[in-house]
Amino acid sequence: MKKRLCAVLLASPLLFSATVFADDAQQLRDKLIGTASLKADFKQTVTDVNKKVIQTGSGIFALAYPNQFYWHLTQPDESQIVADGKDLWIYNPFAEEVVIMDFAEAINASPIALLVHRDDATWSQYSVTKQQDCYEIKPKAIDSGILSVKVCFKNAQLANFNVADDKGNLSQFDLSNQQAITDKDKALFSFVLPDNVDVDVDDQRRKTAH
């Protein structure tokens, strides 16, 4: 479960085009500008090509512009993904492992990228089509592994999103209890290992030559 969730988060694009379907993309950009920060509960349901439920999960996620993100899967198994604006941390308690990545390298391919990015270069990689209160996003890269991402709003709030991959699986994320980030919540974006926990650290950040 946790491997599947992390794979979806880090391999599923929520990025949009400002050049194709420009009007729809601009509408989506305008909506997301109003989502400068967000904290919500989520429930995840994954179905296969036959519409059979193969995985479920729940947890908490939060984001803040620019470039901060928190994803905590609490059920059925725990895992965390935390972006502090510079680095992204993936913590798997069961495997006793922490993976550290460059934020720019990792977050560009995640389903929350547009919520923390405002640049045209990021948006230009995808096309957007409006469908009632939802927006369907398709990557221009044919080898991305993701067929489409759909984000839906209710009363101007981000209500849910889903990810369809090239294996026929659909990952649905339903949000509830949305609220703006408080000063206390800002601590979520700083990754801290629990006390007395011994883990392997896989640092994949690019080393800058001096």
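Close-up 1. Lysine 167 counts as exposed, with a relative accessibility of 62%. Here, buried means under 20% relative accessible area, exposed means over 50%, and partly exposed lies in between (1.4 Å probe, protein chains only). The areas come from the Shrake-Rupley method with a 1.4 Å probe, and for residues only the protein chains shown count as cover. Aspartate 166 is partly exposed at 47%, and forms a salt bridge with lysine 167, with 3.5 Å between the closest N and O atoms. A salt bridge is a side-chain nitrogen of Lys or Arg within 4 Å of a carboxyl oxygen of Asp or Glu. Please keep in mind that this is a predicted model, in which local features need pLDDT of at least 70, side-chain atom pairs count only at pLDDT 80 or more, and totals for chains, interfaces and linings use all residues. Residues are numbered from 1 along each chain as its sequence is written, and side-chain values use heavy atoms, with hydrogens and water left out.

Close-up 2. The structure holds five salt bridges. In one of them, the side chains of aspartate 185 and lysine 39 meet at 3.2 Å, N to O. Aspartate 185 lies in the loop between strand 11 and strand 12 (200-203), and lysine 39 lies in strand 1 (residues 37-47), so the pair ties together parts that are 146 residues apart in sequence. Strands (E, at least two residues) and helices (H or I, at least four) are DSSP runs, numbered from the N terminus. Aspartate 185 is buried, with a relative accessible area of 8%, whereas lysine 39 is partly exposed, at 21%.

Close-up 3. Aspartate 183 is exposed, with a relative accessible area of 65%. Elsewhere, salt bridges link Asp87, Asp203 and Arg205 into a network.

Close-up 4. On the surface, Glu96, Glu97, Asp198 and Asp200 gather in a patch of negative charge. A patch is made of residues with over 30% relative accessible area and no salt bridge; like charges are joined within 9 Å, and nonpolar side chains (Val, Leu, Ile, Met, Phe, Trp, Tyr) within 5 Å. Asp and Glu count as negative, Lys and Arg as positive, while His and the chain ends are not counted. The place of a charge is taken as NZ of Lys, CZ of Arg, CG of Asp or CD of Glu. Glutamate 96 sits in the loop between strand 5 (87-92) and strand 6 (97-102), and is partly exposed, at 46%. Its phi is positive, about 55 degrees, although glutamate 96 is not a glycine. Most residues other than glycine have a negative phi, and most peptide bonds are trans.

Close-up 5. Strand 2 (residues 53-64) pairs with strand 3 (residues 68-75) in the antiparallel sense over seven bridges. Two strands pair if DSSP finds at least two bridges between them. Where they face each other, alanine 64 stands opposite glutamine 68 in strand 3. The two strands form a hairpin with three residues between them, and asparagine 67 in the turn has a positive phi of about 65 degrees. Strand 3 also pairs with strand 4 (residues 79-83), in the antiparallel sense over five bridges. There, tyrosine 70 stands opposite valine 82 in strand 4. Three residues carry the hairpin from strand 3 to strand 4.

**Close-up 6. The loop at alanine 156.** Alanine 156 lies in the loop between strand 9 (146-154) and strand 10 (157-165). Alanine 156 is exposed, with a relative accessible area of 61%. Its phi is near 70 degrees, a positive value in a residue other than glycine.

Close-up 7. Serine 171, in strand 11 (residues 170-179), is buried at 1% relative accessible area. Serine 171 and threonine 45 are 126 residues apart in sequence and 5.8 Å apart in space, C-alpha to C-alpha. Serine 148, in strand 9, counts as buried at 12%. From serine 148 to valine 128 there are 20 residues in sequence and 9.9 Å in space, C-alpha to C-alpha.
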